[in-house]
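Dear colleague,

Please find below the structure that I am handing over to you. My notes on it follow directly after.

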Amino acid sequence: MRWLTEELTWSGEEPTERMYASYLYSFGEEPVSRSRFVDDLAHLGVPETINAQGIAVLTRK
């Protein structure tokens, strides 16, 4: 996923919706669905979890 290697420099938790919106904004071709986006990131070691506030977040170490 080119977007992951070029755009993501954070570590910790980020809201999934914010990351997906950023992905959609920066993607020039046909974007993947939100579920495919989450699945692809999980495969690359960035899982989606629900934080203490009940918000879906992506966690990157």
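E17 is partly exposed, with a relative accessible area of 48%; here buried means under 20% relative accessible area, exposed over 50%, and partly exposed in between, with a 1.4 Å probe and protein chains only. This residue forms a salt bridge with R34, and the closest N and O atoms are 2.6 Å apart. A salt bridge is counted when a side-chain nitrogen of Lys or Arg lies within 4 Å of a carboxyl oxygen of Asp or Glu. The pair links distant parts of the chain, since E17 belongs to helix α2 and R34 to helix α3 (residues 34-43), 17 residues apart. Helices (H or I, at least four residues) and strands (E, at least two) are DSSP runs, numbered from the N terminus.

Please note that this is a predicted model, in which local features need pLDDT of at least 70 and side-chain atom pairs count only at pLDDT 80 or more, while totals for chains, interfaces and linings use all residues. Residues are numbered from 1 along each chain as its sequence is written, and side-chain values use heavy atoms, with hydrogens and water left out.

R34 is itself partly exposed, at a relative accessible area of 26%. A salt bridge also connects R34 with E48, where the closest N and O atoms are 2.7 Å apart. Here too distant parts of the chain are linked: E48 sits in strand β2 and R34 in helix α3, 14 residues apart. Through shared partners, salt bridges join E17, R34 and E48 into one network. For E48, the relative accessible area is 29%, which makes this residue partly exposed.

The search of the whole structure finds four salt bridges. Another of them pairs R18 with E14, with 2.9 Å between the closest N and O atoms. E14 is buried, its relative accessible area being 18%.

Turning to the sheet, three strands form an open, antiparallel arrangement in the order β1-β3-β2. Two strands are taken to pair if DSSP finds at least two bridges between them. At the edges are β1 (12-15) and β2 (48-50), each pairing on one side only. Neighbouring strands of this sheet are turned by 45 degrees against each other on average, direction ignored. Axes are lines fitted to C-alpha atoms, for helices over the stretch in contact, and angles run from 0 to 180 degrees between N-to-C directions.

Three bridges join β2 to the antiparallel strand β3 (residues 56-60). In this pairing, E48 stands opposite L58 in β3. Helix α2 (residues 16-26) packs on the sheet and touches β1, β2 and β3, contact meaning heavy atoms within 4.5 Å. The direction of α2 makes about 70 degrees with that of β1.

Yours sincerely
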